[in-house]
Amino acid sequence: MELLGKESTNPFWKRLFSPGGFEWAFRMRKGDAKSFFARQDESGELLLKRNRQLEESFERYSACTEEGENLVEEAWDLALEWEQVVSKEPRNLKLLSEQWEADLLFMDRRTSQVAAGSVCFPSSWDLRHAIGKTLDQVHGAVPRLNPQIGEMIKRFLEKLEPGKSYCRENWSFTRSDALDYHPDLNRKRLDETLSLDEVYLRIEHQIFTGLSDGVLMGIRIETTPLKELAEDPSVWDTTAEKLRTMPDDVARYKSMDAAIPTILREMKAYRSFE
């Protein structure tokens, strides 16, 4: 199991899968950016993996606009203040990305555009298709998201004060515990041929930190076998309910439409629902 910054299991799962059917949610709570960006992998393997990907395919995983350069500079100030970087020059996105474990995204407050990013472990999306676009444009590809929470996200990011941080989680399912799910890699899809042992819950731990002219977003990926959720019957049942009520267009977007009946059948066989 890949594990980054996991909190106590029961409260975490209960927060991630609140009772009720599927919906896009934007539940925020106060966060600690310094702790989030601090080194968590004592082995150093995660940072080595990031650096290898940036070295081999920098343009696939990283991009920066002119507006983004100023935001990156401000992130450097934070990294230096927190004593989380060693090399200090040049103060560019590449060098910062090689020293921080978390993936990074920068939003320009004036234009609401994605101004820069270094995303080595994307969840089935391509940074090159998002850079320079507004949040509405980026989220427009996600069924039902903009009508449900798009305006809420926009207001939150526009009003986030410099130095303030908030965090949340986003979840999906994958057919392996790989961290990098870039579309170019053509990972094996979830479909009707899977077994429950192949299904992993993929969680994006996200933090949003206000900058003077924008927002720094950090992302850490955690993967865990779906079977582990059966340790808490209420979470197991709620997870099944999310899958049963996931709209068809959302299921297609998540590449789960062919797999959901099989996952539900396998879940019930593994542990019956209440």
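Predicted model: local features only at pLDDT ≥ 70, side-chain atom pairs only at ≥ 80, totals over all residues.
## Glutamine 99

The loop between α6 (93-97) and β3 (103-108) holds glutamine 99. With a relative accessible area of 11%, glutamine 99 falls under the 20% limit and is therefore buried. A polar atom of the side chain of glutamine 99 lies 3.4 Å from the backbone oxygen of leucine 95.

Leaving aside residues up to four places away in sequence, glutamine 99 touches Arg39, Leu47, Trp76, Gln84, Val85, Val86 and Ser87.

Six of the six residues of β3 are buried, so the strand is largely enclosed by the rest of the structure. In a regular strand, side chains alternate between the two faces of the sheet. Asp103, Leu105 and Met107 point one way from β3, while Leu104, Phe106 and Asp108 point the other way.

Strand β3 runs antiparallel to β7 (residues 214-225), and six bridges join the two. Leucine 105 stands opposite methionine 217 of β7. Five bridges join β3 to β4 (residues 113-118), and this pair is also antiparallel. Here leucine 104 has serine 118 of β4 as its bridge partner. The hairpin of β3 and β4 has four residues between the strands, and serine 112 in this hairpin takes a positive phi near 60°.

## Helix α8

Helix α8 has 15 residues. From its first C-alpha to its last it reaches 20 Å, close to the 21 Å expected at 1.5 Å a residue. A bend of about 25° occurs in α8 at glutamate 151.

The buried residues of α8 include Leu145, Ile149, Gly150, Ile153, Phe156 and Leu157. An α-helix has 3.6 residues a turn, so residues three or four places apart point the same way. The elements against which the buried residues of α8 pack are β3, α7 (135-139), β5 (165-174), β6 (200-210) and β7.

In soluble globular proteins, nonpolar side chains tend to be buried together. The largest nonpolar core here has 55 residues, of which Phe173, Leu201, Leu226, Leu243, Met246 and Ile263 touch the most other members. Helix α8 (residues 145-159) supplies the largest share of this core, five residues.

Phenylalanine 173 touches Leu190, Val199, Tyr200, Leu201, Leu226, Thr239, Leu243 and Met256, not counting residues up to four places away in sequence. A second, separate core has 24 residues, among them Trp100, Ala116, Ile207 and Leu211.

Technical notes: Residues numbered from 1 in each chain as written. Heavy atoms only, no water. Buried < 20%, exposed > 50% of the residue type's maximum accessible area, 1.4 Å probe, protein only. Polar contact = N/O pair within 3.5 Å; in protein donor to acceptor, adjacent residues only side chain to side chain. Contact = heavy atoms within 4.5 Å. Pairing = 2+ DSSP bridges. Core = buried A, V, L, I, M, F, W, Y, C linked by side-chain atoms within 4.5 Å. Expected span 1.5 Å × (residues − 1). Bend = angle between axes of the 7 residues up to and from the residue.
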